[in-house]
Amino acid sequence: MGQVLVVEDDVVVCRVLEHVLELEDHEAIVVHDVSAAKDVLATHDVDIVLLDLMLPGGYGLELLTYLRREVGMSTPVIVLSAIKHEQNVVEALEAGANDYVSKPFSPTELLSRIRKWVEGREDLARTR
Amino acid sequence: MRTWRGRGDALYASLILGLFVLETVVLAVLSWAALVGSGGVLPDSAFRNIVIGAVLATGLAVLLATSFVLLYHVLTQRRAGVVGGIGEWASLWAGVVFSGAAAPEGPLPRDGVEALIAMREVLRGVDGTRIDELFQTYRIPSMALESARAGFRRRRLPGGGRQALAGRLDGLEVLARVRAPEAFEPLMGFLSDETPSVRRAALQGLARTIAAMPSSTVRSRATERFSAALRTTDLPAGVLEDALILLGDVASKVAGDLLRSPDASRSHVLVALSVVGKMGLLTLSDDAAALVGDPHSDVRASAIRALCRLGYLPPGSEPSIIAALRDEVEFVRSQAVRALALASAEVAVPKLHCLLADQSWWVRRSAAQTLLRMGARGGAALEDAARRSPDKYARQMAVQSLLDAGKIDPAEARRMREAV
């Protein structure tokens, strides 16, 4: 259905997300750090980004800030993190995340959120 | 992976630096010996010894650098193998859980168990329940329990101590991560173990297990027993705090028990108060407020800090906070000053204005910071203190705080300081 960039360093979470995304025919592009994610975003027009916060060599919010403030990219970003503190959620949303899903997550719920944002993006593109 | 490489690179850089320093020293000694030796001052045998020493030191340096590189590559390969193995198993399990693929035959290798447990930590809902069923199919909880107990037996054998402890801790860790309700009873047994690390692992395993239990009478009973066991344990405060946090939504029940129980020690009460603040357990605000008048200063300070973290003063608690502003211990006064930000401005601002002249720098600083947080009225009071307070220290603190907060510029601060 859409192209999903998964920025996640945990190998198990990556495999789970690949399978979950496959259930709705999404194509997953998996990267493990912020710099690889920047490279993919420079060359692909992905439909949505699933972003972990704790990444090797950088905090996930750096990528979010880079996307929103420096590149001005409006691609929906869902933060998928084990950090559940209210402060972190607010921080991520204020940095430009469209949604926040905490781990452990329900795959059905995640897919529903992805669908909502991808369809919203498609509707926006059509009205333009 | 990058962290691993980063650490390896840092170690390699340190090693090479060390070897360069060593080689520099060796070459310096060799040059000196050659110069002195050619003048006939140094006997031939001594010169020969220095040359042999230099060659040996250089050989050792090369050997060390080569060994490091080889070892680093071997460990990296092994590490990549483990990660790859877990990744393959995670793919296989994802197929089983999401696509209904056939589950593999048991017994599972270590990577298979690790991937399944890691997947359970990521998934909830029906998929999480499916993994719980797989845990039972492969008897993972009972095998982990067996490992924890086998270690206990093995340590009685000569030389089996350290290995046995590692096995037990491994087993307890698996039990903690699997969160199987049937592990509760055996884990309670491990709480009376003589080894503190085993007691610690058991406590954390119990907390995780209770947190994962569905709400029921069984969970209530388990919580009661955990709470009672916690009050008698001698583990450090940090361990108890971690366990309480791991309890999740049951933490308020256990922390409440600790705050109200007459047999809870002071350190237990301090742990509970810390958890009330950190986890935002608003239902325990009255219990925390009741401890603001405790005879022990550390309990008084922790109770006020918990209320500050909650951001809420329960009805009727304001007088005890105001009384704490005159506490003999400066740390308690300092906490009470911060808590005043939660009281009404009519009450708080005049008191904070007075406290800018407190004998403790910390209290004066807290008073100024709290006034700054109290909006226009607080800011005006701080400016008034900077210009008109009869106390020299109050004026200084007010000016400095206004300057730090960017409310006045350095020139204005200088004028204020010179005016009085």
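User: Which residue of chain A forms a salt bridge with B:Arg124?

Analyst: A:Glu109 does, and the closest N and O atoms are 2.9 Å apart. A salt bridge here is a side-chain nitrogen of Lys or Arg within 4 Å of a carboxyl oxygen of Asp or Glu. First, some ground rules: this is a predicted model, where local features need pLDDT of at least 70, side-chain atom pairs count only at pLDDT 80 or more, and totals for chains, interfaces and linings use all residues. Residues are numbered from 1 along each chain as its sequence is written, chains are lettered from A and ligands numbered from 1 in the order in which they are written, and side-chain values use heavy atoms, with hydrogens and water left out.

User: How many salt bridges does the rule find across the interface of chain B and chain A?

Analyst: It finds one. Over all chains, the count is 32.

User: Which elements of chain B touch chain A?

Analyst: Those giving two or more residues are α1 (2-38), α2 and α3 of chain B. The largest share, nine residues, comes from α2(B). Helices are DSSP runs of H or I with at least four residues, strands are E runs of at least two, and both are numbered from the N terminus.

User: How many residues are in contact?

Analyst: 19 residues of chain B contact 17 of chain A. Contact means heavy atoms within 4.5 Å.

User: And how much area do the two chains bury?

Analyst: About 1,600 Å² between them, with 68% of it on carbon and sulfur atoms. Buried area is the accessible area (1.4 Å probe) that two parts lose on being put together, summed over both.

User: New topic. What does A:Arg115 pair with in a salt bridge?

Analyst: A:Glu24, with the closest N and O atoms 2.7 Å apart. This pair links distant parts of the chain, 91 residues apart. A:Arg115 is in helix α5 (residues 107-127) of chain A, and A:Glu24 is in the loop between α1 (11-23) and β2 (27-31).

User: Where is the cis peptide bond?

Analyst: It joins A:Lys103 and A:Pro104, with omega about 0 degrees. A:Pro104 sits in the loop between β7 (99-102) and α5 of chain A.

User: What is phi of B:Arg139?

Analyst: Phi is near 55 degrees, a positive value in a residue other than glycine. Most residues other than glycine have a negative phi. B:Arg139 lies in the loop between α4 (126-137) and α5 of chain B.

User: Thanks, that covers my list.
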